Every structure is written in structure tokens, then in C-alpha cells.
Amino acid sequence: TLAIQGACYRWVAQNAAANEHLEPEEIDIPEPAQGEEHSEVILCRAPHLDAKDWQVAAPRPKPMRRHDEESATPWEKPKPSPATPEKSIFPEGCWIEEARKANVKFQIPEGVSGPEQVTPEEIDDWSQGPARIQALSECCEEDVKIIYLKDVCHVDDEEAVKEALRSKYDLYYECYALFAGRSQWPFVRYVDMFSVFEEAKVVDRSGRRLARMEKRRLHMQDIHVMITQTLANHGGDDAPEAEGDRGPKKKIVPEGNPLTRPQFCEVMLRAAISWGDDLSASAAIRLFADEIVAGHLLQPPLAPFPRGLALRPGDYNDALQNSSRTLKEAWERFGYSSVAFQRLAQLVRLCDRSFTAKHVASIYTLAKVPVVDDRVSTAGDTRGLSYSEFLEAVGRLAMVWSRSSWMPACCPQEDGSMRGRRWPPQPQAGVPVKERVLAQRLQAFVQRLAERMRPSVKGRLA
């Protein structure tokens, strides 16, 4: 058709004009062979003709004889036989797309390969996102440099331990953020380290070792030794030195010093190897992360969050966009510090005996993107939440919120025990998420937040 011919002419004219030393009129156009006066080949070598003079009336030219191949110009070379794949004289993707747009019935000739179709990579529900993955990788490599692996495992197992830590670092980091947020972010106080293992249910308080629990329990004295050894290994240059005439001087580290992120990871590695002493060091680290960290610590209301929902189009992302006005106002009011974020939970009456201020503080730090060196000051909370981090924190609150959550959820029973809150169905890590259900929960929570944020001014009649 005329549109296809016009596309061919534009392609030839552009390639001819690309040569700086030649003008389109200076191109040597060979004379067409007999029978080729109106063929499609002459269209590509006659850029001086007008579009109105182009017609495809004659049939395709007959293939040239074999003895003429060597003397033929690149435009006159015959097309290959049907047995061999046909090579197009046009570069890939130059005129095919234009012809297809001009005529929907246009078909690409056999043997001509069109431009490669690149399908966008599907984002999984539990995808961390490229920015967070990069941040986790940088933090892991920095922690590996600081951890004293020679005291944690045998020198032959160091590489295997590094690989095991890299594969499960996301779980260990979330465990660190969970307890550092409620302790002294970005540090974990010495006394709070014991609560890590108590909540993990790996502490043996019976005073005796049972045969079936011998290699699956830790004693408080063992935990104390792990923490003190870690602190002794990481004594800073400013720590005072012990006086002594013989032997090298050792750093004196106060026993109650808080632990940094690398120190926290080192304590967890020591505990994992001691907990699984019948396994290899790398296998124990992986098993400890799956069974203890993910199985006991990262549970509702602090379960892993499907961050991939906000990174792709869908119902959840639509709910965020529809509520952007309320969310941006809430971010400006409650996203600049942990104390301000606590007021958000109090505003919607979310806290009770099952969901306390400690959980809110942990959600605040779990939503933060990891930073390689977050020890800006001993106060810790010097950086607020970005808008994307605040959206994740609000999403976590929405997962544990229900319309009746403002009512007392922990009521005393007849035997004096307390009934804990029944959390709404939570997404399970690695399992496809019901996105529409989570989007409805988010919309209901944001609607409740908007109602509570609305100023209620009661005028008094004079």
C-alpha cells in the first residue's frame, strides 16, 4: 500500500542523509533490471521519486542467476531460497512498526524478525524492592566485616557462615529492628537482649537439662556469656585499658553497654550455633532464622509485611492513591519522629494490653529502609520516616486494626487469666496475598484516621 511505501521511502531517505559526506541526491542509483521497474526493490533505491509515482503493479522480480551474484550491488542480490531463512534488507524495527500502525492487516514477511518484545518483570507480593534489597546487601557486607567470625565458628567454616548470614540477613535484620525500636534505636540495651531469647522461647528456666531439649534450649548464663564476649571483642579505641605488667593489655568494656547492629547479629549467630550444636554452623544459622526468628519473633502484630503490593499496580496501590490526601496530612503530623507516630496509634485508639506502645515503636523502625551506619547519635531517632516508609507503617497498623479494636480486647477470665486480642487474618510469608481484602482494610483504617484527624470544635453560644 501507499503507506507502507511511504515508510520505506522515509527509511531510505534517513539512511542516505545520515552520511555527512553524501547528499541524498548524490547517491548512485543503479538502473533497474527488466521487470523490476515497479517492484518493491526499486522503491528502496529511488528516493528521488515522489510518493504519487510509487505503484506496485508488477509481480516480484525473478531471482537473479548465480553467476550474477558477485557482480550485483547490495540492493540487487537475490533473495535466499525458501529452504534457508530469508534475511530482510531493512534493519530490525525500522519500518515494520510504522507499517503495522498504518495497516492493521499488514503481516511481517516470513523470515523477517521484528523487534524483541520485552515483558516487564512481575513483582511478587513479598518482593522487597530494589532500593531495600540494595540497602540490605550493603548493611550485610558491612556487618560481615565487623563480626568476629574467628570467635563464632571455625576458620574453615567462615565462608559457609557468611553465605548463610547473607541468605537469611533479611530475617535477622527485622529481628534487630524489632527490638532496637522498642529499646534505644539504633542500639539494643543490654537488659533487652535477654527479652529477645525469652520471647523466642529458647531459654531453659527449669535449671536442669532434659534429654529431648538438651540441644534446643539456652540458659541465661550462656546468654550472658555470649553478650559479654561480643562486647569485649568490639571494645572501641576510646575504651580504657586494664593495668598489668604482663601480657597484652585488654580493653575494659562496661557490662551494661548497648549493642550495635553488628554486635546484635554476632550474638544471634553465637546463639544459633549453640542452639543447634548437632548441626553445622551454616545449617544452624539458617534453621535458627526459619524456626526461631520467623517462627516465634516475627509473628502478628509484627509479622513480615508484603511490600511488593505498593510497588505494582493493583487494588492496594489504588487504595493508597485514593487516600493520598489523608495520608500526606498524617505523614506531616505523625511521621517525623517515633513519639509523633505513637500519637497516631493513640488517636485511632489502637493500643491495649495486647498491642502496646512497644509494638508501635517496633513498627516504626521495621518500616525504615536500612542504613549502613545509622549511629548518628546516642539518641538514635534523628531521622523520621519518608513518605514511602510511612505508607508501610500505616499498612502494618491497618493489618492489625479492626472496627472493634477500640473496645477492650483483653478481658479477665473466670480463672483470672487475660484473653488476648484475636488478630484479623494476617498474610503468611511466601503465600499469595488476598490483595483486595488488604486494600479494604487499609481504606477502612484511613477512613477512621481521617475522622479522628478532623478537628471537632464545639462552639459555645453566648
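**Entry 1: helix 8 and helix 10**

I began with a pair of helices, and helix 8 passes helix 10 in a right-handed crossing. For handedness I used this rule: right-handed if the near helix is turned clockwise from the far one by less than a right angle, left-handed if anticlockwise. Helices here are DSSP runs of H or I with at least four residues, and strands are E runs of at least two, numbered from the N terminus.

A note on the source: this is a predicted model, where local features need pLDDT of at least 70, side-chain atom pairs count only at pLDDT 80 or more, and totals for chains, interfaces and linings use all residues. Residues are numbered from 1 along each chain as its sequence is written, and side-chain values use heavy atoms, with hydrogens and water left out.

Two packed helices are described by the angle between their axes and the distance between the axes. I looked up both: helix 8 and helix 10 (residues 261-275) pack at about 40°, with axes 12 Å apart. Helix 8 is therefore oblique to helix 10. The axes are lines fitted to C-alpha atoms, for helices over the stretch in contact, and angles run from 0 to 180 degrees between N-to-C directions. Under 35 degrees counts as roughly parallel, over 145 as roughly antiparallel, 65 to 115 as roughly perpendicular, and the rest as oblique.

Which residues of helix 8 meet helix 10? I found Met193, Val196 and Phe197 in helix 8 against Phe264, Val267, Met268 and Ala271 in helix 10, contact meaning heavy atoms within 4.5 Å. The residues of this contact divide into 7 nonpolar, no polar and no charged. In this scheme Ala, Val, Leu, Ile, Met, Phe, Trp, Tyr, Cys and Pro are nonpolar, Asp, Glu, Lys and Arg are charged, and the others, Gly among them, are polar.

**Entry 2: helix 7 and helix 15**

Next I turned to helix 7 and helix 15 (residues 357-366), whose axes come within 7 Å and cross at roughly 130°. That angle makes helix 7 oblique to helix 15, and the crossing is right-handed. Glu174, Ala177, Leu178, Gly181 and Arg182 of helix 7 make the contact with Lys358, His359, Ala361, Ser362, Thr365 and Leu366 of helix 15. I noted 4 nonpolar, 4 polar and 3 charged residues there.

**Entry 3: helix 12 and helix 17**

The axes of helix 12 (residues 315-322) and helix 17 (residues 435-453) come within 8 Å and cross at roughly 15°. Helix 12 is therefore roughly parallel to helix 17, and it passes helix 17 in a right-handed crossing. On the helix 12 side I listed Asp315, Tyr316, Asn317, Ala319, Leu320 and Asn322, which meet Glu435, Arg436, Leu438, Ala439, Leu442 and Gln443 in helix 17. This contact divides into 6 nonpolar, 3 polar and 3 charged residues.

**Entry 4: empty space**

Rolling a probe the size of a water molecule over the atoms shows where empty space is left. On a 1 Å grid over the protein atoms alone, a cavity is a set of points where a 1.4 Å probe fits but cannot get out, a pocket is an open set with protein on both sides within 12 Å along at least five of seven lines, and lining residues have an atom within 4 Å of a point. Grid points are joined across faces, edges and corners, and a volume is the space filled by probe spheres set on the points.

How many cavities of 30 Å³ or more are there? I counted 1. About 70 Å³ of space lies in the largest cavity. Its lining includes Pro301, Phe305, Arg396 and Gln426, and by class the lining has 8 nonpolar, 1 polar and 1 charged residues.

The second largest pocket has a volume of about 420 Å³. Of its 20 lining residues, Arg307, Ala310, Leu311, Ser388 and Glu389 lie nearest its centre. Helix 4 (130-146), helix 12 and helix 16 (387-400) each give two or more residues to this lining. The largest share, 5 residues, comes from helix 16.

Most residues other than glycine have a negative phi, and most peptide bonds are trans. I looked for exceptions. A cis peptide bond joins Trp185 and Pro186, with omega about 5°; Pro186 is in the loop between helix 7 (169-182) and helix 8 (190-199). The bond from Pro300 to Pro301 is also cis, with omega near 10°. Pro301 sits in the loop between helix 11 (281-297) and helix 12, and Pro301 also lines the largest cavity. Lys201 has a positive phi near 60°, in the loop between helix 8 and helix 9 (220-233).
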